[in-house]
Amino acid sequence: MDDVVARIHAKLSAACSEPVPRPRTYVRAPGGQRLGPPLGEQRVAAFESVHGARLPSAYRTFLREVGNGGIGPDYGLLPLTRWNVRDIPDARQQLGRPFTLDPTGGIPEQWAPCADQVDPYAGTHPVDHRGCLEMTLLVITGPARGRLLDANLGDLAIPPTFLPQPDFLSWYEHWLDGLPECGLAPDFRGQPQGSYEELVDHLTGSDSACERGTAAYTLGGRLPLASRAQDALLAALADDPDRRVRMEAAKTLADLYSGAAEALVQALSDPDHWVRRRAMVHLLQVTDDEPAYGSAARVLLHDENHNVRMAAADLLGRAGWAS
């Protein structure tokens, strides 16, 4: 692993020499570092002792020789001690319980966690925050030990997706390799490659919600945002039948379109509560104009969904819009 670690250090050094973070790389460690300082063997071993499971060697090496939390795909790497992002009992017993899925067998078409499972993702550890409760998980225990998968912890009916990289170090290095400007957005959800026109064609013409969503996301890594792409994203946010596509469109518009606020205000009344919550997050990201948008945003303080109400109270309070 020494060669892989050396390459990661060199690529991180090159990426972090730029004065402006690259698109989609939001999280930095406390103190302005791009990664938190590495952990000593004693701290890693203590974590393993508490949770009754040894971390896969590649992830263990990253924590001890590269860093602990910070810059990474989407919203960034979670520190080791932030692993328990799920509201589950007996959390300290979860990492040692085998995660049953085997990557060689694929994901069952009808993914349906057993009703008696307290946590269908027991044996996994969230390592990367992709937004809301979408996470990249590292399998700690079970037949897929060491592999990574994308999962939606807010909707357990959505099946997880195994990522192609064999371990954490190769996954992180692959992300670093995708960072050059105007390259693909650093994500591993089967995103389509192609020109602006091809991506917009996917977004506007594909029958697959997955293809439309990955096209909307991938457009977020292409600068500047062309007018046809802008129009397609606005239409997707307003009318696409799949909530995931609307959420990805909201994210890309917030990142790259200066007029996104008006569209995000409209999305605050979306029929799906996940989209309403995402629209709130991004509206406060793109504007501080409370006189123009405050009343529309405060409507979510009375939303029918308690998660949206809680998020609105928190976000509006921090923005100073809650009065």
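Helix α7 passes α8 in a left-handed crossing; a crossing has this hand if the near helix is turned anticlockwise from the far one by less than a right angle, and is right-handed if clockwise. Before we go on, a word about the model: it is predicted, so local features need pLDDT of at least 70 and side-chain atom pairs count only at pLDDT 80 or more, while totals for chains, interfaces and linings use all residues. Residues are numbered from 1 along each chain as its sequence is written, and side-chain values use heavy atoms, with hydrogens and water left out.

Two packed helices are described by the angle between their axes and the distance between the axes. The axes of α7 (227-239) and α8 (243-256) come within 8 Å and cross at roughly 135 degrees. Here axes are lines fitted to C-alpha atoms, for helices over the stretch in contact, and angles run from 0 to 180 degrees between N-to-C directions. α7 and α8 are therefore oblique to each other, given that angles under 35 degrees count as roughly parallel, over 145 as roughly antiparallel, 65 to 115 as roughly perpendicular and the rest as oblique. On the α7 side, Gln 230, Leu 233, Leu 234, Ala 236 and Leu 237 take part, and they meet residues of α8 including Val 245, Ala 249 and Leu 253. Contact means heavy atoms within 4.5 Å.

Now move along to α9 (260-267). Is this helix enclosed or open? Six of its eight residues are buried, so α9 is largely enclosed by the rest of the structure. Buried means under 20% relative accessible area, exposed over 50%, and partly exposed in between (1.4 Å probe, protein chains only). The buried residues are Ala 260, Ala 261, Ala 263, Leu 264, Val 265 and Ala 267, and they pack against α7, α8, α10 and α11.

With α10, helix α9 packs at an angle of about 155 degrees, the axes lying 8 Å apart. The two are therefore roughly antiparallel to each other. From α9, the contact is made by Ala 261, Leu 264, Val 265 and Ala 267, and among their partners in α10 are Val 275, Ala 279 and Leu 283. This crossing is left-handed.

The loop between α10 and α11 holds Thr 287, which is buried, with a relative accessible area of 15%. A polar atom of the Thr 287 side chain lies 3.0 Å from the backbone nitrogen of Asp 289. Leaving aside neighbours within four places in sequence, Thr 287 is in contact with Ala 261, Tyr 293 and Trp 321.

Tyr 293 takes us into helix α11 (residues 290-298), where Tyr 293, Gly 294 and Ala 297 are buried. Seen down the axis of α11, these buried residues fall within an arc of 120 degrees, so they line one face of the helix; the arc is that of the directions from the helix axis to the C-beta atoms. They pack against α9, α10 and α12.

Finally, step back. The protein has 12 helices and four strands; helices (H or I, at least four residues) and strands (E, at least two) are DSSP runs, numbered from the N terminus. Buried residues make up 50% of its 323 residues.

Key
Polar contact = N/O pair within 3.5 Å; in protein donor to acceptor, adjacent residues only side chain to side chain.
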